[in-house]
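Let's take a quick tour of one protein chain. Have a look at the sequence and the 3D picture, then read on.

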Amino acid sequence: MLTDLSPLIAATTHWLTAAYPPHGGALASALCEAQARQAVTVAAWLRYPTALDAGLVAVTGPGGSARLDRLAGPDPDERSADTDGTDGTDAAADAWRTWVDEVVASWAAGLLADPELAGRAVAALAGGEHTAAAPVAFRRLLAPDEGERRAAALLRHPDLVAPVAELHRARLVALVEPGHATAG
């Protein structure tokens, strides 16, 4: 049984959809989140391909969103209306940010902006521990329809996500080369 990566996936998905919000109402929000979650899941599974890798990140933590926030996230003073009276932010409201994984966010942004890279990344998962436990098609990542594309226009825009996507792109590209063993 693989160690649960869901806190990391949820936090990183939330960060991406907050930094690159959906266009439209509730349906657009759900469609954007679904695409982001699929990209983050692929990226997390590539970065933490084994139960040992997933267990280690569960113990040590993924690192948080501080650098990402400086690149593309909201101003810390705008994140929360509630304050703890010290620095203008509510520490409890921002606790989820500690579960954001910078590399996973970078890879997910790259996958969303580059369909060819996304296809290679999903193919690289084949035969891995995660896909053996739960085979997934990742349709919203690989073949979004027009409504899904519109909903996630900012999240899929190569120029807008470039500052985040380029952070760790070289590692991702090397990892998903055909014939490369999956190891984050």
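This is a predicted model: local features need pLDDT of at least 70, side-chain atom pairs count only at pLDDT 80 or more; totals for chains, interfaces and linings use all residues.

Residues are numbered from 1 along each chain as its sequence is written, and side-chain values use heavy atoms, leaving out hydrogens and water.

**Overall fold**
- The chain has eleven helices and zero strands; both are DSSP runs numbered from the N terminus, with at least four residues (H or I) for a helix and at least two (E) for a strand.
- Of contacts between residues at least 6 apart in sequence, 80% link residues at least 24 apart (contact means heavy atoms within 4.5 Å).

- Buried residues account for 42% of the 184 in the chain (buried is under 20% relative accessible area with a 1.4 Å probe, counting protein chains only).

**The core**
- The largest nonpolar core holds 47 residues, and V42, L46 and L141 touch the most other members (such a core is a set of buried Ala, Val, Leu, Ile, Met, Phe, Trp, Tyr and Cys residues joined through side-chain atoms within 4.5 Å).
- Elements giving two or more residues to this core include α1 (6-19), α2 (26-47) and α11 (169-175).
- Beyond neighbours within four places in sequence, L141 contacts several residues, among them V42, L111 and R156.

**A closer look at Q35**
- Q35 sits in helix α2 and is buried, at a relative accessible area of 0%.
- Leaving out residues up to four places away in sequence, Q35 touches L112, R140, P144, E148, R149, A152 and R156.

Methods: Buried means under 20% relative accessible area, exposed over 50%, partly exposed in between (1.4 Å probe, protein chains only).
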